Amino acid sequence: MYFHDPSEREATEIVPGFRARTFWGSNLMLVVVDIDAEAVLPNHSHPHEQGGLMVKGELELTIGGEKRSLKPGDVYLIPGGVEHSAIAGSEPVQVLDIFTPTREDMKY
């Protein structure tokens with residue numbers, strides 16, 4: 001399929017307060033992530049490259065020990081193997097994450 005409606009895809013909770021709707025091809029994965037206010041993504045890493053675009057809300061993102069407060073329109077890049085974590089602000093957050101290669105563990 002070439003076209004998808006994210007509202008028709010059921011979200012999967014990846015950690016408490018973080019719900020993902022995934023879309024993938026052979027080498028690329030898009031993930032629409034809805035995050036509850038003040039939800040926490042624990043520090044972790046994976047071998048996949050990850051990029052993202054803030055869609056709504058505010059998110060404190062730490063990548064490789066560097067911390068930034070992000071708002072809509074901000075972009076982030078996370079090299080494979082680099083530890084990262086996040087804390088949502090006082091309002092719900094939405095981000096678009098992009099992974100390459102696709103993450104087999106997130107094909108929901």
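The dialogue below reads several features of one predicted protein model, from its overall form down to single residues.

Biologist: Which conventions apply before any value is read?

Modeller: This is a predicted model, in which local features need pLDDT of at least 70 and side-chain atom pairs count only at pLDDT 80 or more, while totals for chains, interfaces and linings use all residues. Residues are numbered from 1 along each chain as its sequence is written, and side-chain values use heavy atoms, with hydrogens and water left out.

Biologist: How many helices and strands does the protein have?

Modeller: Helices (H or I, at least four residues) and strands (E, at least two) are DSSP runs, numbered from the N terminus. By that reading the protein has zero helices and 10 strands, and the pattern along the sequence is β-β-β-β-β-β-β-β-β-β.

Biologist: What radius of gyration does the protein have, and what would a compact globule have?

Modeller: The radius of gyration is taken over C-alpha atoms, and the globule rule is 2.2 Å times the number of residues to the power 0.38. For 108 residues a compact globule would be near 13 Å, and the protein, with 13 Å, agrees with that. Along the principal axes, its C-alpha atoms fill a box of roughly 35 × 30 × 25 Å.

Biologist: What share of the contacts joins residues 24 or more positions apart?

Modeller: Contact means heavy atoms within 4.5 Å. Among contacts with a separation of 6 or more, 61% are between residues 24 or more positions apart.

Biologist: Is Gln 50 buried or exposed?

Modeller: Buried means under 20% relative accessible area, exposed over 50%, and partly exposed in between (1.4 Å probe, protein chains only). Gln 50 counts as buried because its relative accessible area is 8%, and 36% of the 108 residues of the protein are likewise counted as buried.

Biologist: Where does Gln 50 lie, and which side chain makes a polar contact with its own side chain?

Modeller: A polar contact is a pair of N or O atoms within 3.5 Å; within protein, one must be able to donate a hydrogen and the other to accept it, and residues adjacent in sequence count only if both atoms are side-chain atoms. Gln 50 is placed in strand 5 (residues 49–56), and its side chain makes such a contact with that of Asp 97, at 3.2 Å. Leaving aside residues up to four places away in sequence, Gln 50 also touches others, including Tyr 76, His 84 and Phe 99.
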